[in-house]
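Me: I am new to this structure and would like a close look at one part of it. Please take that part step by step, in plain terms.

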Amino acid sequence: MDLTRDPDPAALNGDTPTMRLFALLELIASKDQLVSLQGLVEETGMPKPTLHRMLQQLESAGLLIRQSDGRHYGTGARLRRLAENLLLNATHHGARHAVLRNLVDELGESCNITTLSGNEVVYLDRVETPEPLRFYLRAGSRVPAHCSASGKMILSQMLPAQRRKLLAHAPLKQCTPKTVTDLDALEEMFRRVRRDGFALDDEEFLPGLVCVAVLVPTAGARSNLCVAVQAPALRLTADKALTVLPALQRAAAAISRIEAEGTPDGDTDSP
């Protein structure tokens with residue numbers, strides 16, 4: 001009996017080689033860290049040559065990327081684009097969009113649903129305020145993670161080493177005089193965000209723009225979705241951030257229920 005093998009390996013189920021490749025992608029995508037061939041062998045119980053061949057196929061298709069050490073693998077650009085497109089196209093006309101519309105009606109300011117992709121935040125869905133003074137950003141827009149409320153919120157869940165690896169590969173952009181670009185100062189900010197349960201962008205991305213974000217709860221896993229409100233600093237100051245939290249948290253909980261139930265995106269006004 002092999003006592004070194006996982007007694008309950010993660011089976012890569014599938015009736016065809018294609019579906020087993022998909023199962024391997026699912027397993028890798030569920031990790032919050034890079035994976036290695038040996039680690040996957042130990043986790044799945046599959047033969048090493050078989051897994052090596054599967055990893056090579058996924059790498060050649062651009063779905064996985066091998067790291068510079070030659071041993072570890074992470075998700076490739078093609079797979080990340082697929083995930084972004086799925087999320088973007090699923091939120092245009094549905095239950096989650098209705099939650100966002102109701103949140104804008106309640107707060108009177110522009111609101112959005114966001115996700116982290118690499119070191120950027122992607123706007124998956126957005127509803128603009130009817131106020132004439134506003135900052136217009138469309139779904140699909142990208143902003144740097146280090147100076148956005150949603151980026152800080154999602155990054156706060158990671159281990160410090162993961163955050164540094166993500167942020168330290170290139171100089172952080174100084175978008176405004178208030179943008180924090182020092183990694184140690186950002187690390188302190190991430191700890192505060194994790195403690196408080198919300199994140200604030202106080203004119204760090206655009207002058208005059210204030211944003212507050214909270215995570216969409218995900219049972220037993222790290223969340224990669226946020227709900228956020230944005231407004232001119234004339235109407236929403238950092239001191240008033242706490243006043244919008246109850247509405248944001250209710251909207252986040254509603255979206256979490258939709259995600260958990262797999263609610264189809266039918267056009268409804270009843271979140």
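This is a predicted model: local features need pLDDT of at least 70, side-chain atom pairs count only at pLDDT 80 or more; totals for chains, interfaces and linings use all residues.

Helix 8 covers residues 183-196, which is 14 residues.

Next, the faces of the helix. L186, E187, M189, F190 and V193 are the buried residues of helix 8. Because these residues cover an arc of only 160° around the axis, they lie on the same side of helix 8. D184 and R195, on the other side, are exposed. The buried residues pack against three elements: helix 6 (149-155), helix 7 (160-167) and strand 7 (199-202).

F190 is found in helix 8. Its relative accessible area is 2%, and since buried means under 20%, F190 counts as buried. Leaving aside residues up to four places away in sequence, F190 touches K152, L155, S156, R163 and L167. Among these, K152 and L155 carry numbers within the range of helix 6, 149-155. R163 and L167 carry numbers within that of helix 7, 160-167. M158 is 32 residues from F190 along the chain, and the C-alpha atoms of the two are separated by 9.3 Å.

For context, here is another part of the model. An open sheet is formed by 3 strands in the order 1-3-2, with antiparallel pairing. Strand 1 (35-36) and strand 2 (64-66) are at the edges; each has a single partner strand, so one side of each has no neighbour in the sheet. Strand 2 pairs with strand 3 (residues 72-75) over 3 bridges, in the antiparallel sense. In this pairing, L64 has T75 of strand 3 as its bridge partner. Helix 3 (residues 48-60) packs on the sheet and touches strand 2 and strand 3. The direction of helix 3 makes about 105° with that of strand 2.

Note on methods:
Residues are numbered from 1 along each chain as its sequence is written. Side-chain values use heavy atoms; hydrogens and water are left out. Helices (H or I, at least four residues) and strands (E, at least two) are DSSP runs, numbered from the N terminus. The expected span of a helix is 1.5 Å times one less than its number of residues. Buried means under 20% relative accessible area, exposed over 50%, partly exposed in between (1.4 Å probe, protein chains only). The arc is that of the directions from the helix axis to the C-beta atoms. Contact means heavy atoms within 4.5 Å. Two strands pair if DSSP finds at least two bridges between them. Axes are lines fitted to C-alpha atoms, for helices over the stretch in contact, and angles run from 0 to 180 degrees between N-to-C directions.
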